[in-house]
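Try each task before reading its solution.

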Amino acid sequence: MASNIDLSPLFQPTQIGAVTVRNRVLMSALTRNRALPTNVPNDLMVEYYRQRAESAGLIVSEGILVCQQGTEWPHAPGIWNQEQIDGWKKINDAIHEAGSKCFAQIWHLGRVSHPDAPDQIASGQPVYGPSAIAARGGRFRFLPGIPGYVTPTEIDDPMKLVALYKQAAINAKEAGFDGVEIHAANGYLIHEFLDSGSNMRTDKWGGSLENRSRFGLEVLQAVIDSWGTGRVGIKLSPAGGYNDMGMPLEETLETYKYFVAEIDKLGLAYIVLQRYSEFLDPIIDGKHRAIKHDVVQAYGHLVKKSTLLSNGDFTPEEAAEYVAAGKVVGVFWGHLWVSHPDLAKRIQNGKPIDTPIDMHTLYGNACGTTLDDQRVGYTDYPFAEHP
C-alpha cells in the first residue's frame, strides 16, 4: 500500500468533545446481527469489538435499538433492558482495556420496521413514522414472502418517541459507553422527520424547516440532559438514497444548512457528515434515489462549535489530505473495519487493505444458529504482521 501521500495526520491524537482519542482512524457503526438469540450482546460480540479496539481511535457501536422493533435484521442488539445493559458493559470494558473509546449509536427505525416481525409483534406497538407514508422498496428476507415496507402509523405525539431515546441514553451511560451518537441518517426515524417526502405533517412537527427539524433537536436535548454536549454526537446523510430518502437538491441544501447550523449551536462532541455512497443508493423506478452533492463542502463550513467528522468511501490518502487541510478532524470507515480488524495499524504500517468481505456473512451467518457458527465472517478475518 505504498503511497506518496503523508498519512501521519491520521495518527495524531485529538480531542473529540470531552473524549481524547489516539488517532483519527475511526470505526463507523456496522450492523452485524450477532446478538443471538434475544437482542442481547454476547461474548462473541465482546471479542469482535476487542479486536478492533486494539487500533481504532474511536469506535461507534452498531446501531442499538432503543426499543423492541421489527427490523430488517433479526438479532440486532438493543439497550432497553438490564440484560442488554450488562452485555454492553462487557463490551465497553474490553474496548477500554484495549485502549480505545466507544460511543453508542442509538437507533429507532421508524417507518422501515415491519409489523409482522417477531420483535414488533412482541412489543405490542405499531410501526410508527412521522406520517402515514410508506418507503418504497425493502426486503424482509426472514419473513414469509420476503415482504417490503408497509405504511406506518403516524405517531400522535412524537415526544413519546423522544422519551425512548432519553431512556436509551441513560442506559448507555450505565453500560459504560464514553458517549452517545444519535443516528439521524439513512432513512431512519430522525431522518424521516427531516425529509419533506416522509414528513407531511401539518402540526408543529412538519412543514417548515423549523418544524421538520424539531424532532431531531428534541432528541438531542433529551440525550444532552443525561450526557452533556461534549459526549453527544450525531450522524447525518444529506445525500439520502437509502430507505427511499431524498428531497430535490435545493430543498436538501436549505434543510440541512438550517439543521446543521442549529445543532452546531449546541457544541456537540461531533457532527459526522456521511458522503454519497453508491452502496447506499438504491435504484427506484429505474434511477438512483440519492441526491448527489459534496456534503462536506456544502455544510462543513457551518460546523464551528462541534467537531466535524466524515465517512463514506474515503481512501486513507484522501482522508489524510482532508485532515491535513482542516476539512475534517477525523474519518470513519465502515466496510474496511469488517474485513481488517487491525485497520488502523495496517494503514499506519503500509499493509494491504484488500481483504474481501464475505457478503454472505456480513449481516449474520444464515447457515448456522450457534455463536461458533456466527464467528465465520465476523471474528475470523486475519490480522496482518506488524512491527
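Before starting, a definition: axes are lines fitted to C-alpha atoms, for helices over the stretch in contact, and angles run from 0 to 180 degrees between N-to-C directions. Keep in mind that this model is predicted.

**Exercise 1: a helix pair**

Task: Describe how helix α1 and helix α2 pack, and find which residues meet.

Solution: 
- Step 1. Locate the helices: α1 covers residues 43-53 and α2 covers residues 82-97.
- Step 2. Take the geometry: the angle is about 25 degrees, and the axes lie 8 Å apart.
- Step 3. Classify the angle. Angles under 35 degrees count as roughly parallel, and therefore α1 and α2 are roughly parallel to each other.
- Step 4. List the contacts: α1 contributes D43, M45, V46, Y49, R50 and A53, while α2 contributes W88, K90, I91, A94 and I95. Sorted by class, this contact holds eight nonpolar, three charged and no polar residues.

**Exercise 2: the neighbours of a strand**

Task: Which strands are joined by bridges to β6, and how many bridges join β4 to β6?

Solution: 
- Step 1. Find β6 at residues 101-107; six of its seven residues are buried.
- Step 2. Look at β4 (residues 58-60): three bridges join β4 to β6, and the two run parallel. Here V60 stands opposite F103.
- Step 3. Turn to β5 (residues 64-65), which is parallel to β6 and joined to it by two bridges. I64 has I106 as its bridge partner.
- Step 4. Finish with β9 (residues 179-184), parallel to β6 and joined to it by four bridges. I106 is paired with I182 there.

Technical notes: Residues are numbered from 1 along each chain as its sequence is written. This is a predicted model: local features need pLDDT of at least 70, side-chain atom pairs count only at pLDDT 80 or more; totals for chains, interfaces and linings use all residues. Side-chain values use heavy atoms; hydrogens and water are left out. Angles under 35 degrees count as roughly parallel, over 145 as roughly antiparallel, 65 to 115 as roughly perpendicular and the rest as oblique. Contact means heavy atoms within 4.5 Å. Ala, Val, Leu, Ile, Met, Phe, Trp, Tyr, Cys and Pro count as nonpolar, Asp, Glu, Lys and Arg as charged, and the others, Gly among them, as polar. Buried means under 20% relative accessible area, exposed over 50%, partly exposed in between (1.4 Å probe, protein chains only). Two strands pair if DSSP finds at least two bridges between them.
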